[in-house]
Amino acid sequence: MGTFEFLLQGVTIAAQPMNLLYALIGVTLGTAVGVLPGIGPALTVALLLPVTYKLDPAGSLIMFAGIYYGGMYGGSTTSILLNTPGESASVVTALEGNKMARAGRGGPALATAAIGSFVAGLIATLCLAFIAPFVVKFALSFGPREYFALMVLAFVTVSAAFGDSTLRGLTALFVGLSLAVIGIDQQTGQARLSFGIPDLLDGIEVTTLAVAMFAIGETLYVACQGDRIPDKVEAVKGSIWMSAQDWARSWKPWLRGTFIGFPIGAMPAGGADIASFLSYSTEKQFSSHKEEFGKGAIEGVAGPEAANNASAAGTLVPLLSLGLPTTATAAIMLAGFQQYGLQPGPLLFATNPQLVWGLIASLLIANFMLLVLNLPLIGLWVKLLTIPKPWLYAGILLFATLGTIGANPSVFELGMLLVFGLLGFAMRIFGYPIAPVVVGLILGPMAEQQLRRALAISQGDVSALFLSPIAAVLFVLAILAVVVPLILRARGKGEVLSQFAANED
Amino acid sequence: MSGVPSNERRRPDRAALVIAPVLFAIAAVIWWDAGRLAEMSNYSRIGPATVPHVVAIGLALLAVWTAFEAWRGDFPEREPIEVKPVVFIVAGLAGQMLLLKTAGFSIATGVLFALTAFGFGRRKLWISLPIGIAFSFVVYIIFGRFLQLSLPAGPLEHLFF
């Protein structure tokens, strides 16, 4: 069967009434939580993971995908109407979008963001459907050493290649890897770093870590800054519809953003933030209204928002076809798969095609729902932005702990939540990125397993790791990804890289 | 974690300098724990201790690098920090953790809710505590009853269910 047949089959699965309902609940929850300031897609997915515990795998993954896409849509609303610097993927949208909102053009800004996200999501999801099978075919020739090399590359790009410091990125990664060691060793059954505490034998839950570091760390960080940053929600004045000129100026940035965003997401090269920055600078160059940039140019919203969503779909390529999460959000989605004992990768396409293709098809459907949900109902989401800070963060912590309590109602688990929350807070203060910790925790055990398999095959000969051409190329890329940014920073060209700081997506 | 704002660059960053020994201590613990495993490992050189050893070496190297950068004052400047709100929120989380088993989900989480709001400037606990408990109770009904998450019940929950 070709991709088309599979996709059609997927659509019939995704269009079942129950699955449509799950998708609708997913996109609604995703948008609602994504709109809240300070909550990005990674945290949205981590917070809502427990909601899906009791559903069947297909339904829950469909809801999950809806949450993911919904979170991406919701984030743009926040950055346009509420200037929230610090949220990585939407910083660029805030640059122009917030200026537009202040100039009374919030409506068209929201519209171009939503329609751009839709166009990009649609094209990128179709690209995902057509590219993933090829990657799967290619991946079937991968042995343990190639997988190990691929994971090393992912480790390096997530931690060291972007952001403002190689040192702090790598440190965050190694903190994640240290946490990954905790628990029973998969192959020999020996307990590692558990200090005789039974609760630690199962290892650290990815969702606990992610919720603690993102939700509690962020809350503490915002609280410690006092009232320094005044929040001002811009009201949406006038028509939300775009004028003919807005359309004319938007459609090219949408397409360019899509084709910048998708490959960046699909390669283990970091997340949506990088894509949106690249798209922004591209639009600035191509635009015939250069003077408007910095004052509210619609291209500066249309392009990055499209790039943002396209790269979100792009990250699903390595996640679904290789089982390789390249962003914090993807790492949490992987945890979502694993809670059903499903391991994404080439085998999943063979053993469970209905599930994979149902998921991809439901992304297309979720995209349509989101367009409807976001344009006419925008006023509803805007109301969420006006929740006063004390209630907002009290609510965020309520839901953050709810997930952990629901998964494992133990005092110990809540204690870990608090400890990791404080860790996340301290890391934020000292300028450490959070995403590498999460990716290190989930990818660490997988990389170890592949490494030990590879070395068992070579009977302990380490040089065999580098003897396969594919693995050798991947290792060289990984080394370059550490060394090149180090040289660039030493020469004082680090600002460009720190703009690309991959923090949350 | 008290942020010492330094106006002059290239001065040793004392707070950041503390990070290096912490990283080194973690590396030492991992190394020690892996050594305990190695006794049991088999003929091949690759065992459960291999990766922990690599991680420990990596952390130790990063500790040295951190000490070096902190000494040169290369860490980004930090803004002054208000400690009080942080203390209240941590107290809320600790309170929820300790109350959860005895008082049940709604009351424990209500305490967390009220103390967090307190940290952000809503000082009227006699208003925020009831709001928090009521809100948590609604959440309990939705998630604990309809979505069947196993949330611990306390006196308040037993009153109704």
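Where in chain A is the place of Asn408(A)? Select Asn408(A) and you will land in the loop between α17 (389-407) and α18 (411-429) of chain A. Helices here are DSSP runs of H or I with at least four residues, strands are runs of E with at least two, and both are numbered from the N terminus.

Before moving on, a word on what is on your screen. This is a predicted model, in which local features need pLDDT of at least 70 and side-chain atom pairs count only at pLDDT 80 or more, while totals for chains, interfaces and linings use all residues. Residues are numbered from 1 along each chain as its sequence is written, and chains are lettered from A and ligands numbered from 1 in the order in which they are written.

**Stop 1**

The scale is simple: 20 or more other C-beta atoms within 10 Å of a residue's own make it buried, 12 or fewer make it exposed, and anything in between is partly exposed, with C-beta atoms placed from the backbone.

Next, pick Val437(A) in helix α19 (residues 435-457) of chain A. Val437(A) is buried, with 30 other C-beta atoms within 10 Å. Show Ala328(A) as well: Val437(A) and Ala328(A) are 109 residues apart in sequence, and 8.7 Å apart from C-alpha to C-alpha.

Then jump to Thr171(A), found in helix α8 (residues 166-181) of chain A. Thr171(A) counts as buried, having 26 C-beta neighbours inside 10 Å. Draw a line from its C-alpha atom to that of Arg105(A), 66 residues apart along the chain, and it spans 43 Å.

**Stop 2: helix α2 and its partners**

Select helix α2 (residues 17-35) and helix α4 (residues 57-81), both of chain A; their axes come within 6 Å and cross at roughly 30 degrees. Axes are lines fitted to C-alpha atoms, for helices over the stretch in contact, and angles run from 0 to 180 degrees between N-to-C directions. α2(A) and α4(A) are therefore roughly parallel to each other; that label covers angles under 35 degrees, with roughly antiparallel over 145, roughly perpendicular from 65 to 115, and oblique for the rest.

**Stop 3: chain B**

What is the secondary structure of chain B? Chain B has six helices and zero strands, in the pattern α-α-α-α-α-α along the sequence. Of its 161 residues, 37% count as buried. Colour domain 1 (14-72) and domain 2 (83-160) of chain B separately; such bounds come from an automatic or database domain assignment. The C-alpha centres of these two domains lie 39 Å apart.

**Stop 4: the nonpolar core**

Finish with the largest nonpolar core, which has 220 residues. A core of this kind is a set of buried Ala, Val, Leu, Ile, Met, Phe, Trp, Tyr and Cys residues joined through C-beta atoms within 7 Å. Select Met151(A), Ala210(A), Ile332(A) and Val438(A), the residues with the most contacts inside this core.
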